[in-house]
Amino acid sequence: MNIVIDQDLMIQNGTFHVAVWGCQMNVYDADRIRDLLTAAGYVESREPQNADVIVLITCAVRAKAEDKVFNQLANWRSKGFINENTIIAFGGCVGSELAEEIIKLDKSVNIVFGPRTTHRLPQLIGQYRQTHEAVIDVTADALEKFDALPDQGIRGPSAFITIMEGCSNMCTYCIVPYTRGKEDSRALQDILDEVVTHVANGAKEIHLLGQNVNSYRGLSNEGDIVRFSSLLYEVAAIDGVERIRFTTSNPMEFTDDIIQAIKDLPVIADSIHIPVQSGSDNILSKMRRNYTSDSYRELVAKLREARPNIYISTDIIVGFPNESDEDFEETMRLVNDVEFDQSFSFIYSIRNGTPAASLEDNVSAEVKKQRLYRLQARLEELSNVYSQRMLGTTQRVLVEGLSKKDSRELKARASNNRIVVFEGDPSLIGTMVDVKIEKVMAHTLKAVMI
Ligand code: SAH
Ligand code: SF4
Ligand code: F3S
């Protein structure tokens, strides 16, 4: 569908500002909301000041993430950026988690929607404008939103595509199955059509998204079930796709066909994110993660055999209920064995309504902090070793834009997901170039073009 902006509608509907927190699936949803509201005759405002509609795409994964949106609203109010005439549309995972409660927590909120009802936003705003009564709409059929959204807009050199919504794994600590609903995979053709649109708009990298992409089971045009490995071959076969990333791969369903696809398809990036959560089998079983630390080690060994240059990153939770010193040492052992790259770690956060919330949160705050500190220091060290090894090497990088620090420099991304900056002409933005790494800094690499 062509997006045609009707000037009358534009004046009638006004401006919108989108603020987004959380994971890449929220970034995808926020971009689709931009497409949707633009098609409905709204104009985007990059700043919240004086926007007629503020759209909040929120994250509920940890208490801290959830607090951010309420703090942001309070901050905007205190600065006078929002007032009683601003329409506040509260979406994302906190939207579906708390629903009507949100209106009580923050009275300035007018509309509450969820990850599955993003496509209804123009109607919800219209309804609120007519009635001036709070509108709450957080449930919708499985994949209705993808059929209802307009074509993807222009995203730049790297484009996200959500290939599945929700999650059915029910890890005991996690809120996601309650906020995004059970797992549903999009049809193969829908995804391939989005890839073709992005490539035609200049994207070189396609980043496939889902809470557990390994369990993708979409339908083909013939009605057959397509596995994630087949989706990878299909996307790789599209002309113009120069790099593929995917997030997140759950260790539970990392089957041999996926490992084979990674071996067969050099277009798949050299970095894979595989959250392990803990190195203790006791804790993994209480988290309802259906693998052991040894089966994780075996998976990593297989991947490294298939692709010796693969960089593996992970997520780890510390301080899950009853995590003993020994459990934590097992996590440290796993970290040292696998030698993770660029990983994330978090202190366990109780999420109401999850099975783990009924367990006593009995690891003291002090112990949790100490464990996190030790873990993060080690993860940082390991990551730095990989960065140092890149010194003097040639890397094929995708130029994403100008460097924020120095506009004479370009910001690019290496296959292993590291940010690389180098001096170059802005006309290179959106292309893949070969650079030589000359200097390793804390979180970026400095390079020269060759
Ligand atoms: N679907 C992905 C993870 C999505 S959530 C997977 O299963 O691998 C992103 C990360 O947030 C998780 O990997 C986990 O490390 C962290 N997380 C989720 N729930 C949490 C909680 N209650 N407390 C702390 N961290 C949590
Ligand atoms: Fe949450 Fe587990 Fe699903 Fe990941 S796989 S989103 S951690 S329930
Ligand atoms: Fe957060 Fe929802 Fe993503 S809880 S991590 S925005 S799926």
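Reader: Is Ile347 buried, partly exposed or exposed?

Author: Happy to start there, with a predicted model in which local features need pLDDT of at least 70, side-chain atom pairs count only at pLDDT 80 or more, and totals for chains, interfaces and linings use all residues. Residues are numbered from 1 along each chain as its sequence is written, chains are lettered from A and ligands numbered from 1 in the order in which they are written, and side-chain values use heavy atoms, with hydrogens and water left out. Ile347 lies in strand β17 (strands are DSSP runs of E, at least two residues, and helices runs of H or I, at least four, numbered from the N terminus). Buried means under 20% relative accessible area, exposed over 50%, and partly exposed in between, with a 1.4 Å probe and protein chains only; because its relative accessibility is 29%, Ile347 counts as partly exposed.

Reader: Which residue of β17 is the bridge partner of Ile317?

Author: β16 and β17 run parallel and are joined by four bridges (two strands pair if DSSP finds at least two bridges between them). Both faces of β16 are covered, with Asp315 and Ile317 buried on one side and Ile316 and Val318 buried on the other. Within β17, Ile317 has as its bridge partner Phe346.

Reader: How much of ligand 1 does the protein bury?

Author: Around ligand 1 there are 16 residues, and Gln211, Pro275, Gln277, Asp315 and Ser349 come nearest (a residue is near if one of its heavy atoms lies within 4 Å). A polar side-chain atom of Asp315 lies 2.7 Å from an oxygen atom of ligand 1, a polar contact being a pair of N or O atoms within 3.5 Å. Taken alone, ligand 1 exposes 540 Å² (Shrake-Rupley method, 1.4 Å probe), and the share buried by the protein is 91%.

Reader: Is Gln277 buried or exposed?

Author: Gln277 is found in the loop between β14 (271-273) and α12 (281-286), and its phi is positive, about 75 degrees, although it is not a glycine. Most residues other than glycine have a negative phi. Because its relative accessible area is 7%, Gln277 is buried.

Reader: Which residue is joined to Thr247 by a cis peptide bond?

Author: Most peptide bonds are trans. Here omega is about 0 degrees, and the cis bond joins Thr247 to Thr248.

Reader: What is the bridge partner of Lys439 in β22?

Author: Five strands close into a barrel in the order β18-β19-β20-β22-β21, with mixed pairing. The partner of Lys439 in β22 is Lys446.

Note on methods: Polar contact = N/O pair within 3.5 Å; in protein donor to acceptor, adjacent residues only side chain to side chain.
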